[in-house]
Amino acid sequence: MRKDFKENLLNILNGVSTGVVIALVPGALVNELMKNVVYTWPGAQNILTMTTLMSSLLAVFAGLCVSYLLKFNLIQSGSITAAAMIASGAFQVKNGQIILAGSGDVINIALTIFFAAFLVKFLTPKLGSYTVLLLPLIVAVIAGSVGQFMLPYTKMITGAVGQTIGTLTNFQPLVMGMLMGIAFAALIVSPISSVGIAMAIGVEGIASGSANLGITACAFTLAIMSSKVNDFGTTIAHFIGTPKIQMANMLKNPRLFLPVIASAGIAGLVGAIFKISGTANSAGFGSADLIGPMAAYQEMTGGPLAIGFILLLFAGMPILLGFVMRYIFIQKLQFVREEDLVIEDK
């Protein structure tokens, strides 16, 4: 029983992580480029619309991925997906119209999917031939309603985390830079939105730059540490897209946080030393869509020299840190295993 519970929980975490990748990585790959060419190529706006819609459907992708891993049939999968979207917080109702707004709360999506999956397993054998008629309605209404009830409370968790991180900006700049790098590296591989936290507490200036460097170091460290056990596409998805694809592995093996924290702390400290800056809108992205590096460049002067320096900090240093962490924690200390970072494609 306990083994089944643990396996189901890991499947849910893996499914949600995969849903995040499907929803957010396409936008991370092309959005910034499309914004720069939208005035010369009208088709760019269509692509932006598509990727924005995909991000708003994060709950749908998460529900489908979890259902696949739990080996649910089509009716069961649709029921879970409906409940996840209803409780996601990714839409608002204004004047009788449903308006998509953001990706939703990942914590609430995961909790709703967990409850919906329990309902599906409990109700399916009891409904018999009426499953196709009643299961989608019952799961959507009950699990969706419970999820909507939980949503304000899960947002309170995010708010409390944001307030805690906000206090870090009161520290001396170098200490603040190191702590911001660590905090946002931990956020990016958790169910909490690093971008949402950054915007909620208004992370700006050196704090923003250090946060982005911490996330970037986290992404490259996980990519390099797992490069021998994951394929090339999955490896580069860590830093081109999001290292949140490792969320399930990180929560399953908390010791993986140690090399991430070490590399992110160093990167954040270096960012503070060189006064790398950013804005509230850019913090929390890291290297994804080049938002972090571009925000840092816009705060600097120096032309080509500044570009080279940004490349050194957002690519050269994270790559070096990644290889150092792999050598120390995997090869030398054998504190973690490469197999702990496998992203399974079932």
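Modeller: Ile 75, Tyr 130, Val 132, Leu 133 and Leu 134 make up a nonpolar patch on the surface, and together they have about 470 Å² of accessible area. This is a predicted model, in which local features need pLDDT of at least 70 and side-chain atom pairs count only at pLDDT 80 or more, while totals for chains, interfaces and linings use all residues. Residues are numbered from 1 along each chain as its sequence is written, and side-chain values use heavy atoms, with hydrogens and water left out.

A patch is built from residues with over 30% relative accessible area and no salt bridge; like charges are joined within 9 Å, and nonpolar side chains (Val, Leu, Ile, Met, Phe, Trp, Tyr) within 5 Å. The areas come from the Shrake-Rupley method with a 1.4 Å probe, and for residues only the protein chains shown count as cover.

Helix H6 (residues 131-166) gives the largest share of the patch, 3 residues. Helices here are DSSP runs of H or I with at least four residues, numbered from the N terminus.

Ala 143 counts as buried because its relative accessibility is 1%. Its C-alpha atom is 5.3 Å from that of Ala 116, a residue 27 positions away along the chain. Lys 155 is another residue of helix H6, and with 47% relative accessibility Lys 155 counts as partly exposed. Between Lys 155 and Ile 192, which are 37 residues apart along the chain, the C-alpha separation is 9.6 Å.

Helix H4 (residues 74-86) packs with H6 at an angle of about 25 degrees, and the two axes are 8 Å apart (axes are lines fitted to C-alpha atoms, for helices over the stretch in contact, and angles run from 0 to 180 degrees between N-to-C directions). H4 is therefore roughly parallel to H6; that label covers angles under 35 degrees, with over 145 roughly antiparallel, 65 to 115 roughly perpendicular and the rest oblique.

The loop between helix H3 (58-69) and H4 contains Lys 71. Lys 71 is not a glycine, yet its phi is positive, at about 60 degrees. Its relative accessibility of 74% means that Lys 71 counts as exposed. Gln 334, in the segment after helix H14 (304-332), also has a positive phi without being glycine, in this case near 50 degrees. Gln 334 counts as exposed, with 62% relative accessibility.

As for charged pairs, the whole structure has 1 salt bridge, defined as a side-chain nitrogen of Lys or Arg within 4 Å of a carboxyl oxygen of Asp or Glu. Asp 340 and Arg 337 form a salt bridge in which the closest N and O atoms are 3.0 Å apart. Asp 340 counts as buried, at 10% relative accessibility.

Conventions: Helix = DSSP H or I, 4+ residues; strand = E, 2+ residues; numbered from the N terminus. Buried < 20%, exposed > 50% of the residue type's maximum accessible area, 1.4 Å probe, protein only.
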